[in-house]
Amino acid sequence: MNRLQVLIFTLFICYISTDFINGQTKKKIQIEYAGKLTIDEENYPGAKILTRDDAQQVHIEHNGANMWCDKAIHYSAENFIEAYGNVNIKQGDTINMTAKYVEYSGITELAFARGEVVLEDPNSTITSDTLYFDKLKEQAFYKSGGTVVKDSSGTITSKIGRYYMNMKKYQFVDDVVLVNEESTINSDYFDFYSDTGLAYLYGPSTITTETSKTYCEKGFYDTENKVGYALKNAKIDYDNRIIEGDSLYFDDTKSFASASNNIKITDTINNSVVKGHYAEVFKEKDSVFITKRALAITVQENDSIYIHADKIMVTGKPENRIINAYYNAKMYKSDMSGKADSIYSNQKTGMTKFINIPRFSPGDKFSVKRKPVLWNLENQMTGDTIHLISNNETEKIDSLLVFNNAFIISQDTISKTGYNQIYGMRLVGLFNDENKLRQVDINKNAESIFYARNDQQELIGIDKAKSGSISILFSDGDIDEYTRFNQVDGNLYPESKYPENQKFLKGFDWREQERPLSVEDLFKDDKPYNLPIIKGLEDYVPQSAFFDEDMMERIEQAGNYSVFSNGIGENLLKSGNDFNESSWIKINISVKSDDMLVENYSQKADKIYNTNAENGIILQDVTDLKGKIQISIWIKGNGKIVFRLQSKNLNGKGFRDLSHSDITLKNTWTKYTLEGQQEKDNVFRFLLGQIQPSDEVYAWGAELLKLSE
């Protein structure tokens, strides 16, 4: 060993011993191993340069954390270290971080990592180009894009991310995307617990699976069990059904969803809608159950059909949808309405059935007395069962069948005191092209009472008769002519001689007061319904600033050496948020300060606008810099502008672009970043330009950073 080697070795031993004697407390960074020690006062004053050997890397320890690297610059007086090449930090068996470059302060216990950063704990893995790590608070933070991998929960990417290690909680901001085998989640703000796989979504968010797409602006999703809740403008798209409501619960493993309050379920194939305040949807079974002011709408170009009941079920494949409305069911369209205990509608065949369901409940007057009833213009039709047949292509009613105890009544339009009445066992009705009842045939045991009038609409008499059957032609709701077959008896009485006790056929029941005359009338017999208050997720709480007052105090205590020692994270612009400040040079530009609150960032933005000139420019220069420079800014608005990082030309005249970006502004906050490099001391310029009078520009968070080499 020559004298120089002996001297270096002696200095190295003294260096380690001095550190050990002067800093027995764990607050001092300890050098556990280094293959070589050198001193370069010209380039690294007050520092010692440690490098690895063929045996192993440089090994550093501080307060239970160990770091290995290929090369380290150690400022022992400042308790600060820079680590280069294959850097690896481990803390117990919970934290393992690798990077190309790391700065660490033993005073603040803050680390800054750059270059292919990977941070692992037992629950997840973070990767990013840059990462801030607060060892004291056990928090990690990135703000220029990162990825988190959580086994079965999937992979999460975002522009901004923060990890609270003691809570196993992540907070992601801006362009958040979670991808796993079963689903993809997109959100603006996303809280995620890595140990449970529970995710909380805020702002416009979507959950996309193979069979559904869920949208909400506040929601919860269990990425392990594939169940969740969607609130605030919530919507689920099940291929051919769209479910909307104030609150949606969904189970992706069962393709099941339930909804509460202000529900709307749209059948996109059959052009129909069901509404209510509680619903259950089984996608695989092609069924929808809805109640609490349930309403089914068959949307037609000319005249939609509305059905209301206590409960509505929609079942069947898209090509064969069936609507069943149970209990106190009512139907309305402009030219026809009806009422029954139950309504059945087959959207494929066009068959609608009005049915009375026996309930065998003592005192249930509806099942005993209230037979199905149908109204068309002036005619009321009742019977034990009514079938209405429509043509789905023409959207017109074709025919009508009434089974057992068919009864048709219309009020005499002149006297308003008498009623035309026809009774029989079976009724067949035909409609014209205007959906008006044109012909009615009553078969078997027909009875009738007609108020007969001449062409001048003068009453001739009251016609009462019995026959085997009757065929009647109508005109605008009035009886135009009628023909009796196999008449048994009949008389035409003058009105004055007509027996008072024979003015009504047996079973007469005029129910005009029950007739729905509008969609609103379908609900007039319902009890008032008060929507329950939905209790669920709290509103989004923006994450507190990572670089908070406590951290800044720790950095100040560390003096010039901290995670910002090389300018990383230290904004060299004199003002990054106040564009009215004099350091900003404005050409054809005015600034309205604090014009907009930046939601979720606890920040206000300035409005930058052109003062009616062709081109507006705002810029700021930073002098005496060299190396790699990064500039960034948060912007939203409308229009097109240019963002430039410039440096002064070598001849000292004018500036040239190191990097630039042509920006089409968005209506969402977007961070734009540029980088450039200059080897000699120079003037760097941060510039926004080509701002036109028609452009609307809001900005905050302007930064100019010097990056480590």
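A residue is taken as buried when its relative accessible area is under 20%. In this predicted model, C69 has a relative accessibility of 0% and therefore counts as buried. C216 likewise counts as buried, because its relative accessibility is 3%. A search for disulfides across the whole structure returned 0.

T214, which is placed in strand β18 (residues 213–222), has a relative accessibility of 2%, so that this threonine too counts as buried. When neighbours within four places in sequence are set aside, the contacts of T214 comprise S205, T206 and I207, together with A230, K235, I236 and F250.

Strand β24 (residues 305–315) runs antiparallel to β25 and is joined to it by 8 bridges, with T315 standing opposite I322 of β25. These two strands, β24 and β25, form a hairpin in which 6 residues lie between them, and G316 in the turn adopts a positive phi of about 100°. On the other pairing, β25 is joined by 10 bridges to strand β26 (residues 336–346), again in an antiparallel arrangement, and A325 is found opposite I343 in β26. The hairpin made by β25 and β26 has 2 residues between the strands. Of the 12 residues of β25 (residues 322–333), 9 are buried, and the strand is therefore largely enclosed by the rest of the structure.

Strand β32 (residues 419–431) is connected to strand β33 (residues 437–453) through 9 bridges, the two running antiparallel, and Q421 has I449 in β33 as its bridge partner. Between β32 and β33, which form a hairpin, there are 5 residues, and in this turn N435 has a positive phi of about 60°. Strand β33 is also joined to strand β34 (residues 459–475), here by 13 bridges and with antiparallel direction; within this pairing, N443 stands opposite S469 of β34. The hairpin of β33 and β34 has 5 residues between its strands, and Q457 takes a positive phi near 60° there.

Rolling a probe the size of a water molecule over the atoms shows where empty space is left. In the present structure, 2 cavities of 30 Å³ or more were found. The largest cavity contains about 110 Å³ of space, and its lining is made up of I60, E61, H62, A65, N66, M67, I89, Y104, A111, F133 and K135. Strands β4 (58–62) and β5 (65–69) each contribute at least two residues to the lining of the largest cavity, which by class consists of 7 nonpolar, 2 polar and 2 charged residues.

The second largest cavity has a volume of about 80 Å³. Its lining comprises 14 residues, of which I265, D267, S272, V274 and V314 are the closest to the centre of the cavity. Two or more residues of the lining of this second largest cavity come from each of β21 (256–267), β22 (272–282) and β23 (287–298). Sorted by class, the residues lining the second largest cavity are 8 nonpolar, 3 polar and 3 charged.

Conventions:
Residues numbered from 1 in each chain as written. Predicted model: local features only at pLDDT ≥ 70, side-chain atom pairs only at ≥ 80, totals over all residues. Heavy atoms only, no water. Buried < 20%, exposed > 50% of the residue type's maximum accessible area, 1.4 Å probe, protein only. Helix = DSSP H or I, 4+ residues; strand = E, 2+ residues; numbered from the N terminus. Pairing = 2+ DSSP bridges. Disulfide = S-S within 2.5 Å. Contact = heavy atoms within 4.5 Å. 1 Å grid on protein atoms, 1.4 Å probe; cavity = no way out; pocket = protein on both sides within 12 Å on 5 of 7 lines; lining within 4 Å. Points joined across faces, edges and corners; volume = space filled by probe spheres on them. Nonpolar A, V, L, I, M, F, W, Y, C, P; charged D, E, K, R; others polar.
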